[in-house]
Every structure is written in C-alpha cells, then in structure tokens.
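The following paragraphs guide the reader through selected side chains and the ways in which they meet. The sequence and the structure should be kept in view while reading.

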Amino acid sequence: APGFSSEKQLTFNVDHGYLEGLVRGMKAGILTSTDYHNLAQCDTLEDMKLHLQSTDYGKLLSSSEEDLTVSLVDSKLRANLVTEFSCLRSNALPPLSTFLDYITYSYMIDNVVMLITGALKQRDVAELLPRCHPLGAFDQMAAVGIARTPTELYSAILVDTPLAPFFQDAVSESNLDEMEAEILRNKLYKAYIESFHSFCKNIGGVTADIMCPVLEFEADRRTFIITVNSFGTELSGADKSALYPSCGKLYPEGLRLLAKAEDHEQVKAVANCYPEYKLIFDDPEPGADFKTLEDRFFEQEVKLNMLAFLQQFHFGVFYSYVKLKEQESRNIVWIAECVTQRQKSKIHNYIPIFPGTH
Amino acid sequence: MSSLLRGEEMCLAQLFLQSGSAYDCISELGELGLVEFRDLNPSVTAFQRKHVNEIKKCEEMERILGYLLREVKKADISLPERDVNPVAPLPKHVMAIMEQLQRLEVELGEVTRNKEKLQRNLLELTEYTHMLRITRKFVQRTAEREPLQVQYEEFPFLEKETMMDYSSMQRLGAKLGFISGLIQRVKIEAFERMLWRVCKGYTILSYAEVEEYLENPDTGEPTKCVVFLISYWGDQIGQKVKKICDCYHCHVYPYPSSNEERNDVVEGLRTRIQDLHTVLNRTEDYLRQVLIKASESVYTWVIQVKKMKAIYYILNLCSFDVTNKCLIAEVWCPVNDIPTLRRALEEGSRKSGATVPSFVNRIPTSDTPPTLIKTNKFTSGFQNIVDAYGVGSYREVNPAPFTIITFPFLFAVMFGDLGHGVIMAVFAAWMVLCENNRKLKNTRNEIWNTFFEGRYIILMMGLFSIYTGLIYNDCFSKSLNIFGSGWSVKAMGWTKEQWENNRFLTLDPNVTGVFKGPYPLGIDPIWNLASNRLTFLNSYKMKMSVILGIIHMSFGVILSTYNYLHFRKKYNLYLVFLPELLFLLCLFGYLVFMILYKWLAFSAKDSRHAPSILIHFINMFLMQGDGLQPLYPGQTGLQIFLVVIAVLSVPVLLLGKPVYLYWLHNGSHRLGLYRGYERVRRNSEEELYLMRAHDMEEGSSHSDLSSSGENPTEEFDFADELLHQAIHTIEYCLGCVSNTASYLRLWALSLAHAQLSEVLWAMVMRVGLRMDSTLGVLFLVPVFGLFAVLTVSILLVMEGLSAFLHALRLHWVEFQNKFYGGTGVKFCPFAFSLLPSSFEHDGLL
C-alpha cells in the first residue's frame with residue numbers, strides 16, 4: 001500500500017538515517033575520473049601509493065612495511081571495504097541488518113565453493129583460508145573440505161549457517177567434483193538471489209524499486225554467463241534451466257529459450273528481445289575498444305548501482321556502495337597490474353564509476 | 001591600525017634560490033611564516049615532482065616514528081613533550097637520523113618478536129598444563145566408574161545400532177584414539193554440534209572450563225577457555241576430528257598415554273615455565289630500556305621530520321630555471337615584510353655557505369592577492385567572527401575593528417544585567433589571566449576550546465553587560481538604589497486608609513516634591529516596585545533598539561565610502577552611497593529624530609498630550625496629517641520633503657550606476673575623454689608583455705600561468721549591470737525596513753532576559769526568603785544552590801549563547817551587508833608553527 005510505504009519513509013531516518021548518511025559520505029570518497037586519470041599515469045606502484053594518499057584511502061597502503069605488490073594492494077583494498085562494511089553492519093538495526101547479511105551470503109557461497117574445489121585439489125586449508133573473501137567468512141569455513149557430497153555438506157557443516165535455507169534444491173548424493181561444485185554454486189546462488197529478491201520485495205517502498213531491478217539484472221547476468229559457459233559441456237537443457245534464477249526479466253520465456261541455446265548467436269538472438277541486454281550483446285562499434293562480455297555486464301551493473309544514490313530512504317545504497325567499491329577495487333588492481341607488467345596500452349580498460357564527477 | 005582596517009598590502013615576489021641553499025632558505029622562511037607559496041607546476045602530478053623521493057623518505061621515517069610512538073605508548077612510558085623547537089635537519093644529517101631510526105626499528109622489531117614468541121610459548125605451556133590437569137579429572141571420573149560398568153558402556157548408540165559382538169568391539173578398542181586441547185568457550189557448543197553431526201556419534205567429547213582467563217595471542221584480550229578431550233574410534237574419524245579441531249582454531253596438545261608419562265610431562269612443563277618467566281622478564285626489561293632511550297628523542301625527531309617534509313613539499317612547488325642552478329619560487333608576501341624576507345634569505349644563504357646569494361624580486365601581477373589581516377590575541381577573536389561570514393576581499397574595509405566595540409555592546413543590550421555581567425567578566429578575566437597555563441591551552445575538549453579562544457570576546461561582553469546592567473538598573477532582576485531614588489512617596493501624602501484599601505497607588509510627578517529629578521545613572525530604582533514597570537521599560541527599550549539599529553546601519557553605509565574611495569570608484573559615492581544614505585536617513589533617521597524630539601519636548605506635565613509617533617510616522621507616508629496636532633511647526637512640509645527625497649533616491653540608486661557605466665563605456669570611444677586611463681592600461685600591458693618575453697627567454701614553464709592570470713579586457717554588459725543594480729536596490733530598500741525591524745530583537749531579547757531572571761527570583765529565591773523561622777536559614781542553603789545553578793546554566797550559558805547568536809546575526813546581516821563583500825581568499829603562509837603540533841593529529845598514533 002502506498003500509505004504504508006510513505007509512512008516507512010517518514011520513519012526511515014529513525015533507525016537507518018545515520019547509516020544512510022554514513023554510506024553517502026563514504027560514497028563521496030569513491031575515486032573520480034580525475035583520480036583514475038592520475039593513477040593511469042603512474043609508472044610504479046609507489047607512485048600509485050602516493051596518489052592514493054591524496055584520496056580517501058589515505059595512508060592505507062603506506063602503513064605496511066612490506067614491499068608493495070599487486071596482491072597486497074588487493075588485500076588492503078579488500079580489508080578496507082570489510083572495515084567499512086562491518087562498521088555499517090555493527091550499527092545496523094533490522095531489517096537493514098538482515099539486508100546487509102544478505103549481501104554477505106553471495107561471498108559465503110563463493111567461499112564454500114572455493115574451499116570445496118581447493119579440497120578436491122588436495123590443497124591445505126590453511127593455504128585456502130586467506131584467499132576466501134573476508135565478507136563471506138563464517139566459523140565453519142575450515143571444515144567445508146570434510147564433506148564428500150552436497151548432502152553431507154549441508155547436514156554436517158552448513159546447517160547452522162545462514163546458507164542452510166538455500167540448500168533446498170541443492171542436496172544430492174552425488175560425489176562432489178569440480179563440475180558438481182560449480183553446479184552447487186549456481187544452485188545456491190539461484191536460491192540466494194531469489195530469496196534476496198523476495199526479501200527486497202517484501203520490504204517494499206523505494207528499497208524494492210531500487211533493489212529489484214538490480215537483482216533482476218544480477219539474475220539475468222548469471223543466466224547468460226551460465227549459458228555461455230555451458231557450451232561444450234554435457235549439461236542438458238533441463239540441467240541448465242534448473243540453475244537459472246527465476247526472478248529476472250528473462251523469466252520465463254527467455255530462460256526457456258536460453259536453455260535451448262547451443263551457440264553464441266542463439267544467445268544473442270534471445271538477448272535481442274530485451275532492450276537492456278541487446279546493448280550488451282551488440283557488436284562493438286568499429287573503432288571502439290573491444291570489451292569482454294564480462295566487462296560489459298560490469299559496466300551495466302555500475303550504471304544500475306549509480307542510480308541507487310538518486311533516491312533517499314532506502315537500503316539500495318548499501319548494496320550499491322559495496323558493489324561500486326568492489327568495482328573500484330577491481331579497477332585499481334587492474335591499473336596496478338598494468339603498471340607492474342608495463343602494459344600501458346590496456347591501462348584504460350577499467351570501468352569508471354561516476355564518470356561525471358570531479 | 002591601518003592593517004586591521006584594510007588588511008596588509010600584498011605583493012607577488014619571485015624568489016631566486018640558489019639550488020645549494022634553497023633548503024636552508026625555505027627552512028628559514030618556514031620558521032618565520034612570512035610568505036605563501038604559489039604552485040608553479042600545477043600540471044605536474046604529485047609523484048612526478050622533483051623531490052618525491054625525499055618526501056617518500058620522510059614518510060618512511062614517519063612510519064617508523066609512528067611505530068615507535070605506538071610501542072612507547074603500549075609500554076606506558078610517558079613522552080617528554082617539552083617546548084623544544086628544533087630546526088629542520090640539514091639534508092646531510094638526515095641520513096644519520098634515518099639510520100638511527102631504522103636501527104631502532106630493527107632492534108625493536110626483533111625484541112618484540114622475541115617477546116611475542118616467548119609469550120606464545122608460555123601460553124602454550126600454560127595451556128598444556130591446564131589441559132593435563134583437567135583431563136586427569138576426566139580420566140579419574142571414568143576410572144571410578146569403570147568397575148561398575150562394562151568397558152564400552154559409553155557407546156550406547158553403537159550397541160543399539162550394530163550387531164557387533166564384544167570381540168570386535170575389543171578389536172576396535174585397540175584403535176581408540178584421543179585428541180585433547182583447548183578451545184575458546186564461545187565456540188564449544190558449535191564445536192560439539194559439528195563433531196556430532198560429522199562423526200555421527202563415533203566420538204565422545206568431555207570438556208571442562210579453565211578457571212583462569214588466558215590471553216588470546218591474536219587479540220591480546222583475556223578469554224575464557226575450555227579444555228576438551230575427544231575419544232574417537234578409527235583413523236578416518238580421527239582425520240575428520242582433526243580437521244574440525246583446525247576449523248575451530250583449537251589448540252591441540254598430545255595426550256599422554258599413561259599416568260607416569262603424564263606426571264613426567266607435568267614436571268617438565270613446570271620447570272620450563274619457570275625458565276620462560278625469567279627469560280621473558282629479562283626481555284621485557286631490555287625492551288623497556290630501548291623504548292625509554294627512544295622516547296627521549298622521539299619528539300624532536302617527529303618535529304624535524306615534519307619540518308623536512310614540509311620543506312620538500314614547498315620545494316616541489318618551485319620551478320627550475322634553464323641553467324638548473326637556481327630555483328624560482330613565487331610567493332605572496334606582505335609589502336612591509338619584504339625586508340624581513342630579504343634578511344631571512346641572506347641568513348639561509350649564510351647558513352648553507354653558498355657563494356651566490358639568493359634574492360627577492362617583486363613582480364607585477366594582475367591577480368588578486370590573498371587577504372592578510374594581522375591580529376593579536378585580543379583582536380583575533382573578533383576577526384574570527386568576521387571571517388566566519390567571509391574573508392574580506394583584498395584591501396576591503398574590515399569590519400573587525402568596529403566589531404570589537406559594537407559586538408559586545410549589542411550583546412550587552414540583550415544581556416543587560418549587572419550581576420550576570422560580573423560573573424561573566426570574572427570568568428573571562430580568569431581565563432585571560434591563566435591564558436599561558438598549558439593545561440587550559442592544550443586541552444582537546446572542543447567546547448572548552450571554543451570558550452577559551454573567545455575569552456577576550458567574553459570579557460568584553462561581560463564588561464559591557466555590567467554597563468548596560470547599570471543603565472537598566474538590573475542586578476539579578478533587582479534594582480540597586482545607589483544614588484537614592486528621585487521619587488518620593490511621602491510627598492503624595494497618602495493617608496492610612498488609602499494605604500490599606502488600595503492595592504495600587506499612583507505616584508503623580510506633577511505633585512510637588514514627588515519627582516525630584518532624574519536618577520543620575522540609568523533607570524530609577526523605584527520602577528522595580530511599579531506595576532507598570534514592564535510597560536515603561538518596553539517602550540524605552542523598543543525605542544532604544546530602533547535608535548541603535550539606525551545608527552549601526554548608517555555607520556555601515558558610511559563605511560562603504562571607504563571602499564569606494566580606495567577602489568577608485570568615486571562615482572559610487574554619488575550614485576550609490578548618497579541615495580542609500582538619503583533613503584535610510586530620510587525615512588528611518590527621521591523616525592529617530594521624532595523619538596528623540598518626543599523625549600525632549602514632552603515632560604511630566606504635558607505627557608498626557610504626547611502624540612503617538614507611530615501614527616505620525618504612518619501619516620508621513622500617507623501624506624495626510626490633518627486631524628492630528630503637529631509635533632512642531634512645519635512638520636507636514638518637512639515630512640513631505642523627506643518622503644519625496646527618499647522616493648527620488650530610489651531611481652537614482654537603481655539607474656544611476658548602470659547608466660553612468662554605460663555612458664563611460666560607450667562614450668569613452670567617441671569622446672576620447674579617457675585616453676589617460678587607456679594609456680595606463682597599455683603601460684601595464686607592455687609590462688606584462690615584457691615579463692612574458694623574459695620568461696620565454698628563460699624557458700621557464702610558468703609562462704602559461706602568467707598568461708592565464710591576465711585579465712581579459714572587461715566586457716561591459718549593460719543588462720547585466722542593470723540587473724545587479726536592480727537586485728541591490730530592491731534588497732537595500734526592503735532591507736532598510738526589515739533590518740530596522742530586525743533590530744527589535746535587541747528589545748525582545750533584553751525583555752526575555754530580564755523576565756527570565758525575574759521569574760527565577762520569584763519562583764526560587766523568594767520561596768526561600770519567605771520562611772522566617774530559624775529553619776529557614778538552613779532551607780535557604782539548598783534554595784540558593786538551586787538559584788545559583790539555574791542562574792549559571794540558564795541565564796548565563798543559554799541566554800548568553802542566544803544573545804551571542806543574535807548579536808552575530810545583527811553584525812553579519814544587518815551591519816555587514818551594507819558594505820562588506822567578504823569574497824577574498826585568506827592568506828595562509830608557509831609556517832612551521834601551523835603544522836599540527838600534537839602527535840595524535842597527524843595520524844602517527
């Protein structure tokens with residue numbers, strides 16, 4: 001009911017106003033195009049460190065004694081994001097706290113699958129744990145490698161974690177191999193994103209207005225990626241459609257068509273029916289830089305997330321901030337990678353965030 | 001004084017610094033804090049500048065210093081924060097400091113690592129002892145039960161489920177394994193649950209809490225731990241159990257197979273723990289010694305490194321000339337300080353032993369210089385009030401010197417109470433007397449700092465409040481009868497019945513002997529008893545507010561002439577200032593005249609016939625005064641004249657300036673009147689051209705800067721000018737009305753203050769004073785306490801803040817908008833004293 005949502009807007013600031021203000025302040029620290037321009041001119045990581053000092057990152061990189069490497073930059077940026085996020089999370093009240101928890105679940109799923117594949121390759125847990133995303137850290141993480149089947153994984157290890165509800169469709173007795181782990185990831189993700197979508201819908205108001213398109217896009221992106229990646233595997237159409245999240249714009253007709261798709265042209269034909277995805281699959285204009293499908297999706301995601309900041313009194317800004325900040329980390333790491341490998345020609349392939357701001 | 005009124009005259013100067021002595025010269029300038037450097041390489045990013053490596057080195061040193069400071073703080077050693085001010089170290093000495101720091105860092109790092117290792121070791125051993133001690137109890141418990149029960153009775157789950165016979169049980173029993181260790185108490189439940197789920201009950205977990213708190217090696221916090229013992233069956237389960245133990249970060253220790261072994265281990269552990277304790281103590285002693293030694297010079301180092309970094313930062317702003325022998329810096333500098341600047345450069349060259357001196361060269365510029373107003377500790381507070389509104393444009397009239405008097409005065413008009421003023425003045429005087437006290441000066445309490453920074457303002461406010469309090473004759477809402485009232489009740493000759501039957505009696509000043517003449521200072525104390533006191537005071541204060549407001553605003557308008565004269569815009573004097581002043585004075589100045597006239601013309605005798613000024617004032621605009629008795633002969637004529645003048649000044653104000661400028665701009669071509677003016681322009685352009693040619697010869701990179709700074713020939717847009725003037729006119733004319741009304745806040749706040757203090761007296765103090773028994777004396781103590789607390793908190797602090805705010809508004813809006821632009825840029829000199837002085841502020845800690 002509109003009355004209900006406007007009443008919610010009225011009282012939004014009582015519980016969440018502080019954090020919204022905080023996150024908007026943090027958003028102001030997102031690097032601008034001038035910053036990227038300057039970063040791209042750097043010759044060494046030390047130069048980058050010097051430049052980042054003049055941004056909101058401040059002394060983040062200069063406080064360590066070790067020599068700068070790209071992976072150190074990456075982990076520092078990640079730690080920074082985690083600090084910010086845990087600050088938000090520890091001050092959050094329901095339902096924002098649940099919302100923030102939902103953000104972490106996707107990282108948890110990735111961590112679980114990473115640990116499983118690591119265990120399959122006989123890697124030591126101590127070696128794997130530091131590579132897990134700290135946003136998706138949970139107590140039982142180190143024990144994931146014990147499980148042999150998805151059922152065991154669920155009933156023995158993950159039953160106490162927030163991931164448990166997503167296992168509904170994923171339990172099976174087949175032995176976990178790499179393929180099975182990947183399928184498990186997608187099944188969990190499907191359940192997760194559908195649950196997140198309905199959670200946001202239930203919150204209603206501006207949050208639903210902002211978050212649903214973002215999550216629908218996310219769902220569709222996964223659908224496309226699964227389809228493209230499944231070319232040349234023995235995954236049947238039915239198998240595939242079991243992995244497709246059903247909360248996206250592609251549902252139901254697009255999903256049915258994609259499950260049948262056999263090559264890139266067919267995927268493109270499906271995408272052509274949807275104006276927002278047509279752009280992504282369009283052939284690049286001659287003269288423009290070639291961009292991978294992934295990058296094009298990222299670009300679109302950044303655009304969607306930027307929209308979240310145009311409205312007030314909703315939770316979307318928290319999700320968008322985390323995603324934008326992640327993209328920023330990817331950008332910085334990309335530039336750092338280019339700088340260390342002296343690949344100056346590719347340095348501009350990052351995805352700018354808020355290109356209009358200075 | 002002229003500096004305070006207009007700000008310092010600034011000039012742009014070029015410093016030619018010999019590359020050998022540049023560092024020392026800049027260090028010298030930093031100590032003095034004379035000049036503001038301009039960036040001559042704005043297009044060069046931070047990491048491409050010349051001295052970026054030196055800055056990195058400084059940052060490295062800062063990092064080490066931060067580490068040292070943290071360690072010193074952790075060890076609880078107080079830092080000797082003395083008033084030392086070491087100069088920036090010479091570049092050749094930097095390496096020595098760097099080496100010293102690095103050595104210290106390595107040494108400290110090693111010792112701390114050792115210490116941590118030892119502590120971890122100790123913790124492990126302690127944990128092991130705890131584990132052995134507690135698991136013994138588990139075993140004893142089992143042993144006690146053993147005779148009563150079958151050996152594998154503890155596995156009821158198994159017995160029910162499997163068909164295994166005893167012999168196979170025995171066989172499995174041979175593989176019975178134990179894992180024991182410690183786990184954090186918060187995790188034990190989840191641990192147990194997972195153990196159960198994964199191993200399906202093929203394990204037995206027994207656990208007991210350790211009574212002591214053990215230090216968590218990662219966080220250093222004391223945590224409660226639990227000792228557990230898992231008995232499991234079979235190797236596969238054992239693997240899983242181990243993994244789960246890893247997952248929950250358990251500290252697993254080998255479980256002794258027999259009692260003798262256990263005793264041996266316990267014995268061995270005890271001696272090792274003792275040894276470790278002694279080693280640990282020694283390490284800690286050594287660490288402390290190293291830290292104490294470091295803490296002695298750490299403060300000096302911090303300042304030195306900060307200064308050095310600042311110098312290199314400035315050097316990065318300079319540009320090189322072609323020969324690379326000489327650095328060129330551009331600075332803004334007060335003209336009066338140029339000799340000091342020369343001397344500083346000489347001093348710097350002398351110190352570095354350079355053969356070629358560094359020198360200063362004034363260069364012409366068309367850029368607007370930054371504003372510098374030199375203040376002292378007394379004027380700085382008032383200057384801050386003005387700057388908070390906007391930093392004055394270059395060489396504009398600065399309202400601060402006038403604010404020194406008007407601000408406390410307007411405040412006091414609202415706050416007028418002798419008693420409150422005395423308290424405030426005494427408090428401020430105490431702060432002024434103790435201003436050199438470090439404890440007061442260096443506190444980090446922001447609220448206190450605000451008061452402390454404004455101590456002179458508060459002092460002035462207090463003193464002025466004493467004065468206005470005397471005028472209002474208000475001291476904690478009571479009046480003082482110092483000179484004896486000018487009224488006599490006796491002269492009225494009231495009888496006893498009259499006294500008893502009337503609650504109100506009226507003193508008539510027309511009866512001889514009742515009114516003996518005005519009270520020498522302020523309001524007569526008899527009004528304190530009068531029931532119509534409020535009516536009397538309201539009328540008085542309202543009129544006073546209007547009078548003060550008109551004077552204040554006229555003063556602001558008059559100050560604008562100083563700007564017009566200084567910026568050589570004489571036409572503004574006739575086309576803006578004059579109509580503005582006429583408009584204000586003809587309408588509101590006349591109102592003031594009427595108020596004063598009424599006060600003077602009507603005495604107690606004919607006060608019944610005193611007219612209402614308001615009606616007269618309204619009639620003045622309506623141009624009709626027929627029904628009323630005129631105040632003085634010729635009133636109607638004068639009023640019509642004034643209104644006509646005021647109305648006529650509006651179109652002059654609106655059109656005068658734009659039309660004149662239009663004529664000046666278009667006419668000057670045709671009439672050739674302003675050739676002299678043009679010549680001046682051309683001269684300065686030639687100068688600029690020469691300057692640029694000179695730059696080009698030198699090949700210096702900042703030629704683009706000087707060309708970008710050059711003003712394009714001013715485009716004159718009549719419509720634009722007219723629009724601006726129209727806005728100004730509307731704002732001014734309406735402002736005169738609304739600003740005058742705004743000054744009535746003086747009356748309103750002073751009324752509120754007086755009433756509040758009276759209410760406080762009546763509601764609190766009078767209650768205490770009414771009790772006339774001996775107990776009343778005792779009762780008076782808490783009552784007075786309450787009265788004092790409320791007086792300070794409400795009447796002094798809250799009312800004071802509100803009066804302050806309103807005084808601020810009257811200055812910012814009503815006064816300053818008459819003449820003050822406030823669009824300047826503050827001069828911020830390169831001065832070491834402006835670097836953050838405490839450790840916390842620069843992120844080292």
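A helix, as the word is used here, is a DSSP run of H or I that spans at least four residues, and helices are numbered from the N terminus. With this in mind, one may turn to helix α8 of chain A, where E194(A) and K190(A) both lie, four residues apart, about one turn of the helix. The model is a predicted one.

The side chains of E194(A) and K190(A) meet in a salt bridge, at 3.0 Å from N to O. In general, side chains of opposite charge can pair when their charged atoms come close. Residues under 20% relative accessible area are called buried; K190(A), at 15%, therefore counts as buried. E194(A), at 23%, counts as partly exposed.

Helix α8 of chain A also holds E182(A) and R185(A), which are three residues apart and so separated by about one helical turn. Their side chains form a salt bridge of 2.8 Å, N to O. R185(A) meets D110(A) in a salt bridge as well, again with 2.8 Å from N to O. Because D110(A) lies in helix α5 (residues 96-120) of chain A and R185(A) in helix α8, this pair ties together parts that are 75 residues apart in sequence. Over all chains, a search of the whole structure finds 41 salt bridges.

Aromatic side chains come next. The whole structure contains 63 aromatic pairs over all chains. One of them joins Y189(A) and Y192(A) edge-to-face, with 5.3 Å between the centres and 75 degrees between the planes. Both residues lie in helix α8 (residues 178-203) of chain A, and both are buried. They belong to a cluster linked by ring pairs, whose members include F12(A), F99(A) and Y319(A).

The charged end of R455(B) sits over the ring of F452(B), 4.5 Å from its centre, and K541(B) lies over the face of Y472(B), at 4.4 Å from the ring centre.

Which residues form a nonpolar patch on the surface? They are F427(B), W430(B), I447(B), F451(B), V792(B), V797(B) and L801(B), with about 620 Å² of accessible area together. The largest share, three residues, comes from α26(B). V797(B) lies in this helix and counts as partly exposed, at 39% relative accessibility.

Technical notes. Residues are numbered from 1 along each chain as its sequence is written. Chains are lettered from A and ligands numbered from 1 in the order in which they are written. This is a predicted model: local features need pLDDT of at least 70, side-chain atom pairs count only at pLDDT 80 or more; totals for chains, interfaces and linings use all residues. Side-chain values use heavy atoms; hydrogens and water are left out. Patches are made of residues with over 30% relative accessible area and no salt bridge: like charges are joined within 9 Å, nonpolar side chains (Val, Leu, Ile, Met, Phe, Trp, Tyr) within 5 Å. Accessible areas come from the Shrake-Rupley method with a 1.4 Å probe; for residues, only the protein chains shown count as cover. A salt bridge is a side-chain nitrogen of Lys or Arg within 4 Å of a carboxyl oxygen of Asp or Glu. Helices (H or I, at least four residues) and strands (E, at least two) are DSSP runs, numbered from the N terminus. Buried means under 20% relative accessible area, exposed over 50%, partly exposed in between (1.4 Å probe, protein chains only). Rings of Phe, Tyr and Trp (its six-membered ring) pair if their centres lie within 6.5 Å; planes under 30 degrees apart count as stacked, over 60 as edge-to-face and the rest as tilted. A charge sits over a ring if NZ of Lys or CZ of Arg is within 6 Å of the ring centre and within 35 degrees of the ring normal.
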